[in-house]
Amino acid sequence: MKLKSIIVEDEETSREILKNYLKKYCPNVEVLAEAANVDEALLLIRNNELDLVFLDVEMPFGNAFDLLEKVGDRDFETVFVTAYNHYAIDALNAHASYYLMKPISIDELIKAVDYVVEIKTKEDALQDQVLIPKTNNVNGKITIPQQDGFEVLETANILYCKADDNYTEIYLNNNKKKLVSKTLKYFEETLTDSGFARVHKSYLVNVNEVVKYIKGKGGSVMLSNGKEIMVSASKKSDLLSYFK
């Protein structure tokens, strides 16, 4: 895992030492920039997507805690690097990932970086689980992934799903369509307990939205929005079982 980071330290020599240590012993840390005071650091944090900030406590015109207060909610980890051990409790209260004492121990630096990697790995794993399209049977919802997170849909608002190679088009009752990078078979398994029936190799329908069945070898169903969908002969009995 590559960690995008910045170093916030008012002493140039200390910045160079830390940067050299990271380059030699923690190659997975990419130092994007350096800051010598709170204002410079705040600008870097606001203009970059960061995983990790190495943060000295005492700086000109404010300290590390002033900086974190100005940042507010943050999604990066912090490793405090300081010559003073009496800030440890404050750092803990500020949710610091690690507290390094100067002069920096290489072993402790490696431990600090490894610990941040562990935190980030767990966060990514959790996010990946959330971004997998899935239903919550209690709330009747399904999550579908997007580039910037995920969207929550009410399963009751889904009219039908249509296969599009390895993608699925989800049609909603507000005339909107969502394209999701999962197969129709995946959604068939996901929505099977939410009143959805596979009526064709290319279609999965919300049975609650069926307003009419038209006879035939397989027949067809009419949905509440007027959409008519053919029913495969092999799927006919499965569909009709919902209406017995």
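**Sheets, cores and aromatic pairs in a predicted model**

One aromatic cluster is formed by F65, F80 and Y99. Residues are numbered from 1 along each chain as its sequence is written, and side-chain values rest on heavy atoms, with hydrogens and water left out.

The structure holds 6 aromatic pairs; rings of Phe, Tyr and Trp (its six-membered ring) pair if their centres lie within 6.5 Å, and planes under 30 degrees apart count as stacked, over 60 as edge-to-face and the rest as tilted. The pair of Y160 and Y203 is tilted, because the ring centres are 6.0 Å apart and the planes stand at 45 degrees. This pair links distant parts of the chain, with Y160 in strand 11 (residues 158-164) and Y203 in strand 15 (residues 203-206), 43 residues apart. Helices (H or I, at least four residues) and strands (E, at least two) are DSSP runs, numbered from the N terminus. Y160 is buried at a relative accessible area of 5%, and Y203 is buried at 14%; buried means under 20% relative accessible area, exposed over 50%, and partly exposed in between (1.4 Å probe, protein chains only).

The rings of Y186 and F187 have centres 5.8 Å apart and planes at 85 degrees, so this pair is edge-to-face. Y186 is partly exposed, with a relative accessible area of 21%, whereas F187 is buried at 0%. The charged end of K182 sits over the ring of Y186, 5.0 Å from the ring centre; this term requires NZ of Lys or CZ of Arg within 6 Å of the ring centre and within 35 degrees of the ring normal.

An open sheet of 5 strands has the order 2-1-3-6-7 and parallel pairing, where two strands pair if DSSP finds at least two bridges between them. The edges are strand 2 (29-35) and strand 7 (98-101), each pairing on one side only. From one strand to the next the twist averages 20 degrees. Strand 6 (residues 77-82) pairs with strand 7 in the parallel sense over 4 bridges, and the bridge partner of T82 in strand 7 is M101.

Two helices lie across strands of this region. Helix 1 (residues 12-25) lies across strand 1 (3-8), strand 2, strand 3 (52-55) and strand 6, and runs at about 170 degrees to strand 2. Helix 3 (residues 64-71) lies across strand 1, strand 3 and strand 6, at about 165 degrees to strand 6. Axes are lines fitted to C-alpha atoms, for helices over the stretch in contact, and angles run from 0 to 180 degrees between N-to-C directions.

The largest nonpolar core has 25 residues, of which I6, V8, L55, L67 and F80 touch the most other members. Strand 1, strand 2, helix 2 (38-47), strand 3 and helix 3 each supply at least two residues of this core. Another core of 17 residues lies apart from it, with L3, L18, F54 and V117 among its members. A nonpolar core is a set of buried Ala, Val, Leu, Ile, Met, Phe, Trp, Tyr and Cys residues joined through side-chain atoms within 4.5 Å. With neighbours within four places in sequence left aside, L67 is in contact (heavy atoms within 4.5 Å) with V8, V38, A41, L42, I45 and L55.

A second open sheet of 5 strands has the order 13-12-11-15-14 with antiparallel pairing. Strand 13 (177-180) and strand 14 (196-200) stand at its edges with a single partner strand each, so one side of each is left without a neighbour in the sheet. Neighbouring strands of this sheet are turned by 20 degrees against each other on average, direction ignored. Strand 14 and strand 15 pair in the antiparallel sense over 4 bridges, and F196 has N206 in strand 15 as its bridge partner.

Strand 16 (residues 210-214) and strand 17 (residues 220-223) run antiparallel and are joined by 4 bridges, with V221 in strand 17 as the bridge partner of Y213. Their hairpin has 5 residues between the strands, and G219 takes a positive phi near 85 degrees.

N157 is placed in the loop between strand 10 (149-154) and strand 11. This residue is partly exposed, with a relative accessible area of 32%. Leaving aside neighbours within four places in sequence, N157 is in contact with Y171, L172 and N173. N157 and I45 are 112 residues apart in sequence and 40 Å apart in space, C-alpha to C-alpha.

How values were computed:
Predicted model: local features only at pLDDT ≥ 70, side-chain atom pairs only at ≥ 80, totals over all residues.
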